[in-house]
Amino acid sequence: MTEHQVRLENLKAHILEELDLLKGHAEPVALDQPSIGRVSRIDAIQQNEMAKSNLRGFQRQLLEVNAALQRLEDDEYGFCEGCGMDIPDARLAIKPEVRFCVGCQEGHEAH
């Protein structure tokens, strides 16, 4: 197993753990809870929305990690999808699921 594959598999395991933890916090909040006050209900709803947002973010990242693992299997990992050049190892070490070099990433985000 390569260093990149180890990093991606570890990241995938972490994401799956986070998704498992967040699923219980992202369930709908019951609004007719007479045992808690109005401010507590608002706080519960706000926390629920944050959990749902985090859940969506981790789901998106999991898709990116799975795609990176597929690129690794297809010997296409580490090449920018924009310009085709090598993505620097330092960038892959920080964000192993990355698809673009810095220059192409900036252009991709600008659109």
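**Salt bridges, a charged patch and helices**

Visitor: How many salt bridges does the count come to?

Guide: The count comes to 5 salt bridges. A salt bridge here is a side-chain nitrogen of Lys or Arg within 4 Å of a carboxyl oxygen of Asp or Glu.

Visitor: What kind of model is this?

Guide: This is a predicted model, in which local features need pLDDT of at least 70 and side-chain atom pairs count only at pLDDT 80 or more, while totals for chains, interfaces and linings use all residues. Residues are numbered from 1 along each chain as its sequence is written, and side-chain values use heavy atoms, with hydrogens and water left out.

Visitor: What does the secondary structure of the chain come to?

Guide: The chain has 4 helices and 0 strands, and its elements run α-α-α-α from the N terminus on. Helices (H or I, at least four residues) and strands (E, at least two) are DSSP runs, numbered from the N terminus.

Visitor: Back to the salt bridges. Which side chain meets K52?

Guide: The side chain of E49 meets K52 in a salt bridge, at 3.1 Å from N to O. K52 and E49 are separated by about one helical turn, because they are 3 residues apart in helix α2.

Visitor: And what is the relative accessible area of K52, and of E49?

Guide: K52 has 28% and E49 has 41%. K52 is therefore partly exposed, and so is E49. Buried means under 20% relative accessible area, exposed means over 50%, and partly exposed lies in between (1.4 Å probe, protein chains only).

Visitor: With which residue does E81 form a salt bridge?

Guide: E81 pairs with R71, and the closest N and O atoms are 3.6 Å apart. E81 lies in the loop between α2 and α3 and R71 in helix α2, so the pair ties together parts that are 10 residues apart in sequence.

Visitor: Is R71 buried or exposed?

Guide: R71 counts as buried, at 9% relative accessibility.

Visitor: Which residue pairs with K95?

Guide: K95 forms a salt bridge with E97, with the closest N and O atoms 3.3 Å apart. K95 is partly exposed at 37% relative accessibility, whereas E97 is buried at 3%. Elsewhere, salt bridges that share partners join R71, E81 and R99 into one network.

Visitor: Where does E97 lie, and which residues does E97 touch?

Guide: E97 lies in the loop between α3 and α4 (102–110). Not counting residues up to four places away in sequence, E97 touches L8, L11, Q61, E64, V65, A68 and R71. A contact means heavy atoms within 4.5 Å.

Visitor: Changing topic: which residues form the negative surface patch?

Guide: The negative patch is formed by E73, D74, D75 and E76. Patches are made of residues with over 30% relative accessible area and no salt bridge, with like charges joined within 9 Å and nonpolar side chains (Val, Leu, Ile, Met, Phe, Trp, Tyr) within 5 Å. Asp and Glu count as negative, Lys and Arg as positive, and His and the chain ends are not counted. The place of a charge is taken as NZ of Lys, CZ of Arg, CG of Asp or CD of Glu.

Visitor: Where is D75 found?

Guide: D75 is found in the loop between α2 (38–73) and α3 (89–94). D75 is exposed, with a relative accessible area of 65%.

Visitor: What share of the 111 residues in the chain is buried?

Guide: Buried residues make up 26% of the 111 residues. The chain exposes about 7700 Å², and carbon and sulfur atoms supply 53% of it.

Definitions and conventions:
Accessible areas come from the Shrake-Rupley method with a 1.4 Å probe; for residues, only the protein chains shown count as cover.
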